[in-house]
Amino acid sequence: NSVKNNPITIRIIPRTAIVSQNWLGAPLAGTIALDGSGAQGYGVQLSWGDAATLGSGEPARPVIFNTPITANSLNSSAFRAGAYDIGASGQDGTIKMAARFIRTTVNVSPGPAKTAIEVIIGYD
């Protein structure tokens, strides 16, 4: 059989509002709003990698919401850049994502801090 699965892609879909424009260098890049049921003036900033990649300023690789990214670009030692044979198990690997609360407005108020994302993984 010459049919193959495409490379694995990952897409992060926020279930709350996007606070920032989603590209590197944008203010609050990779940040989504809280759900509005508690704390105010904060969001959650997501970045590909571990907590060290967040740094003290803008993250090195902020998540770009609603846009597929290849798993290989996030972990090239565990995911293929090319197509997979149908039935091939591939390599076992992980994708790291870090998150932190970040202030998004001048005025803030305390309370529970909730948000949600959906992770879509595909290999069409």
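N66 is placed in the loop between strand 4 and strand 5, where strands (E, at least two residues) and helices (H or I, at least four) are DSSP runs numbered from the N terminus. Although N66 is not a glycine, its phi is positive, at about 65°. The structure is a predicted model, in which local features need pLDDT of at least 70 and side-chain atom pairs count only at pLDDT 80 or more, whereas totals for chains, interfaces and linings use all residues. Residues are numbered from 1 along each chain as its sequence is written, and side-chain values use heavy atoms, with hydrogens and water left out.

The protein has one helix and eight strands, and its elements follow the order β-β-β-β-β-α-β-β-β from the N terminus on. Of the 124 residues in the protein, 32% are buried. The accessible surface, computed by the Shrake-Rupley method with a 1.4 Å probe and, for residues, with only the protein chains shown as cover, comes to about 7300 Å², and carbon and sulfur atoms hold 54% of that area. Among the contacts (heavy atoms within 4.5 Å) with a separation of 6 or more, 70% are between residues 24 or more positions apart.

An open sheet is formed by three strands in the order 5-2-8, with antiparallel pairing, two strands being taken as paired if DSSP finds at least two bridges between them. Strand 5 (69-70) and strand 8 (117-122) each have a single partner strand and stand at the edges, so one side of each is left without a neighbour in the sheet. Strand 2 (residues 9-14) runs antiparallel to strand 8 and is joined to it by six bridges; in this pairing, R11 stands opposite I120 of strand 8.

Because R15 lies in the loop between strand 2 and strand 3 while E118 belongs to strand 8, the pair ties together parts that are 103 residues apart in sequence. E118 is partly exposed, at 29% relative accessible area.

A nonpolar patch on the surface consists of M97, I117, V119 and I121, which together have about 330 Å² of accessible area; patches are made of residues with over 30% relative accessible area and no salt bridge, nonpolar side chains (Val, Leu, Ile, Met, Phe, Trp, Tyr) being joined within 5 Å and like charges within 9 Å. Strand 8 gives the most to this patch, with three residues. I117, which lies in strand 8, is partly exposed, with a relative accessibility of 33%.

Strand 7 is joined by seven bridges to strand 4 (residues 42-48), and the two run antiparallel. R100 in strand 7 is the bridge partner of Q45; the C-alpha atoms of these two residues are 5.4 Å apart, although 55 residues separate them in sequence. Their side chains make a polar contact at 2.8 Å, a term that denotes a pair of N or O atoms within 3.5 Å, of which, within protein, one must be able to donate a hydrogen and the other to accept it, residues adjacent in sequence counting only if both atoms are side-chain atoms. Leaving out residues up to four places away in sequence, R100 touches G43, V44, Q45, L54, G55, S56, G57 and P59.

Two further loop positions were examined. N75, in the loop between helix 1 (71-74) and strand 6 (84-85), is buried, with a relative accessible area of 17%. A polar atom of the N75 side chain lies 2.8 Å from the backbone oxygen of T94, and, apart from neighbours within four places in sequence, N75 is in contact with T94 and I95. V19, in the loop between strand 2 and strand 3 (31-33), is partly exposed at 35% relative accessible area. The C-alpha atoms of V19 and T31, which are twelve residues apart along the chain, are separated by 5.5 Å.

Definitions and conventions:
Buried means under 20% relative accessible area, exposed over 50%, partly exposed in between (1.4 Å probe, protein chains only). A salt bridge is a side-chain nitrogen of Lys or Arg within 4 Å of a carboxyl oxygen of Asp or Glu.
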